[in-house]
Amino acid sequence: DSEDRIRYYREIFDEFLQVKIACGENTDGFTFDKFAKKLQKNTQDILEKHTDVRDVQFTVYVKDGKAALKAKVIRGTGA
């Protein structure tokens, strides 16, 4: 499960990086480790606040000309 999560974070990181580049943002110091830690923290915070949330997924989009992330909660007890 943690390998799947890391793979998922890597996909989001790659997509986020491409959007940052496309928007002309500086990517110096932008690393997968920092990004993954941020996603893990955001996910943990959401899971702690909402007991009915099973998972958190992230969408990359452009906000005010910059790369941004939107968290989407997956509710339910599982499949």
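**Close-up views of a predicted model**

**View 1. Helix H1 passes helix H2 in a right-handed crossing.** The model shown is predicted. The axes of H1 (residues 2–22) and H2 (residues 32–49) come within 10 Å and cross at roughly 115 degrees. From H1, the residues Ile6, Tyr9, Arg10, Ile12, Phe13 and Phe16 meet Phe32, Phe35, Ala36, Leu39, Gln40 and Thr43 of H2. Sorted by class, this contact of H1 with H2 comprises nine nonpolar, two polar and one charged residues.

View 2. The buried residues of H2 include Phe32, Phe35, Ala36, Leu39, Thr43 and Ile46. The buried residues of H2 pack against H1, strand S1 (53–63) and strand S2 (66–75).

**View 3. The span of helix H2 from end to end agrees with expectation.** H2 contains 18 residues, and at 1.5 Å a residue it should therefore span 26 Å. The C-alpha atoms at its ends are 26 Å apart, in agreement with that value.

**View 4. Asp64 is placed in the loop between S1 and S2.** The phi angle of Asp64 is near 55 degrees, a positive value in a residue other than glycine. The relative accessible area of Asp64 is 74%; because exposed means over 50%, Asp64 is exposed.

Key:
Residues numbered from 1 in each chain as written. Predicted model: local features only at pLDDT ≥ 70, side-chain atom pairs only at ≥ 80, totals over all residues. Heavy atoms only, no water. Axes fitted to C-alpha atoms, helices over the stretch in contact; angles between N-to-C directions. Helix = DSSP H or I, 4+ residues; strand = E, 2+ residues; numbered from the N terminus. Left-handed = near helix turned anticlockwise from the far one by under 90°. Contact = heavy atoms within 4.5 Å. Nonpolar A, V, L, I, M, F, W, Y, C, P; charged D, E, K, R; others polar. Expected span 1.5 Å × (residues − 1). Buried < 20%, exposed > 50% of the residue type's maximum accessible area, 1.4 Å probe, protein only.
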